[in-house]
Amino acid sequence: MKAHASRDLGKNMVPWKERFSYSLSDFACNLSFQMVGTYLMIFYTDTFGISAAAVGTLFFVARIIDAIDGPFWGIMIDHTHTRWGKSRPYWLWFAIPFAIFCVLVFTTPNLGITGKIIWAYITYIGVDVLYSAVNIPITSILPSLTTSSQERVTLSTIRQFMGTAGATIITGITLTMVAFFGNGSTTSSRGWFIWALIVAIIVVFLFWIVFKNTKERVQTKSSKQSLPIKESLRALKRNWPWAIVIFINFVYWMGMQTRSQVTVYFFKYNMHNAGLASFILSLQAVALIAVVLTPLTSRAIGKRNTMLLGMILAIVGQLLLNVGAHNMSVSIIVIATIIGYLGTGYVSGLIAVMLADAVDYGEWISGVRAEGIVTSFSSFSAKLGMGIGGVITGWILSTTGYVANQAQSATALRGIETNYIWVPIIGFALSAISLLFYRVDGLEDKMQSDLSIKHAKENEENEQD
């Protein structure tokens with residue numbers, strides 16, 4: 001009995017080299033896509049010369065396309081069978097194409113306004129679609145790395161730690177690096193292009209390291225065969241934990257996107273100190289404290305309650321941010337930001353774990369294990385939320401009279417403040433309410449026990465065949 005337990009423990013534990021390599025996937029994604037998510041709107045309006053309304057429409061159209069490309073990549077993963085596994089090959093195949101579009105999206109060809117908008121559509125939609133190709137495998141591979149719930153929390157925690165580190169680094173130094181390469185100007189097209197090229201090269205090497213050092217060790221009968229689309233969709237039927245997590249992912253990232261993409265606007269125009277934006281964005285580093293505490297906290301109060309705690313802290317941070325904005329108090333804004341990032345630190349790392357649990361739940365109730373289709377909606381819902389956030393931001397900036405690189409009217413300043421403070425609160429509050437209906441933690445022991453018996457039986461049948 002002890003020998004059997006020892007073998008299970010060995011199977012469920014992931015070596016530290018692989019843990020760290022897996023975490024580099026999110027580090028790479030955040031280096032690239034956080035740069036896009038945080039700075040692309042102000043790059044478009046203040047450097048490339050596209051109106052805020054046009055940018056908002058672009059973000060919305062891209063999200064409509066995501067309604068197709070997210071599930072498409074999930075289905076592709078469920079149909080992929082190589083000597084490297086189902087999810088791993090996508091980092092090898094799509095790292096370079098994704099990196100190329102990360103550069104193109106920050107490139108400014110000499111075109112008329114119509115040409116610029118067309119260029120923006122092609123490059124932004126391209127980077128968006130290819131992001132799904134390298135990002136969805138990060139979540140889809142997690143159920144294949146281990147069956148241990150606690151090991152998944154550990155893997156997700158390390159991944160989120162590195163992802164937050166990547167986001168902190170890129171948001172904290174981007175304006176400085178753009179100015180360095182752009183002869184002192186943060187609106188320099190040359191500065192944006194060179195910095196995007198450097199980041200893209202780094203991202204390619206990171207994804208190749210992830211591909212080389214990860215292993216899909218959890219193999220089931222379903223995962224070893226191509227699943228028809230109709231069969232894959234069975235894993236979603238009556239899978240209410242999946243539906244809740246997908247909705248949370250949507251509204252959470254809607255709020256996060258509106259805040260992140262107007263941060264520079266807020267400090268440039270409302271606080272009259274654009275340089276302060278880099279410092280505030282670098283405070284994401286404090287989220288690492290919550291990320292490190294996530295395994296301990298989730299073990300003590302459960303994953304659902306840990307995420308709920310994070311949402312409450314995020315809401316408190318936004319309310320305090322409102323006080324700081326109205327009093328023009330940098331110190332209050334800093335404190336509010338720290339509290340908010342502590343909250344989001346608890347949230348981000350657990351979304352992937354809950355989706356991995358949804359893969360198990362789908363198999364438990366339907367008998368179908370479809371890692372790709374179940375987890376692909378994570379990318380879709382997050383990017384849909386970010387796109388709607390972009391639409392909201394563009395619409396509010398446009399209707400309140402924002403004019404690039406000019407002193408803003410009182411109405412425009414209120415529009416920026418609404419994006420920065422109140423839209424995120426709506427997203428966090430809806431997420432917190434949804435979490436009250438998530439009750440997987442209490443079913444987990446029974447679910448894993450039943451699945452272990454099912455997998456053991458399948459493996460015995462495969463050996464006999």
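This is a predicted model: local features need pLDDT of at least 70, side-chain atom pairs count only at pLDDT 80 or more; totals for chains, interfaces and linings use all residues.
**Helix geometry and packing: worked exercises**

Residues are numbered from 1 along each chain as its sequence is written, and side-chain values use heavy atoms, with hydrogens and water left out.

**Exercise 1.** Describe how H11 packs on H12, from the axes to the residues.

*Solution.* Begin with the axes, which are lines fitted to C-alpha atoms over the stretch in contact, with angles from 0 to 180 degrees between N-to-C directions. Helix H11 (residues 263–270) and helix H12 (residues 275–282) have axes 8 Å apart at an angle of about 140°; helices here are DSSP runs of H or I with at least four residues, numbered from the N terminus. That angle makes H11 oblique to H12, since angles under 35 degrees count as roughly parallel, over 145 as roughly antiparallel, 65 to 115 as roughly perpendicular and the rest as oblique. Next, list the contact (heavy atoms within 4.5 Å): Thr263, Val264 and Phe267 of H11 meet Leu276, Ala277, Ile280 and Leu281 of H12. By class, this contact has 6 nonpolar, 1 polar and no charged residues, where Ala, Val, Leu, Ile, Met, Phe, Trp, Tyr, Cys and Pro count as nonpolar, Asp, Glu, Lys and Arg as charged, and the others, Gly among them, as polar.

**Exercise 2.** Work out the relative direction of H16 and H17, and name the residues that make their contact.

*Solution.* The axes of H16 (residues 371–399) and H17 (residues 410–435) come within 8 Å and cross at roughly 150°. H16 is therefore roughly antiparallel to H17, and the crossing is right-handed. On H16 the contact is made by Ile392, Thr393, Ile396 and Leu397, and on H17 by Gly415, Ile416, Thr418, Asn419 and Val423. These residues divide into 5 nonpolar, 4 polar and no charged.

**Exercise 3.** Find where H5 is kinked.

*Solution.* In H5, a kink of about 30° lies at Ala133, shortly before the proline Pro137; the bend is the angle between axes fitted to the seven residues ending at a residue and the seven starting there.

Technical notes
Helices (H or I, at least four residues) and strands (E, at least two) are DSSP runs, numbered from the N terminus. A crossing is left-handed if the near helix is turned anticlockwise from the far one by less than a right angle, and right-handed if clockwise.
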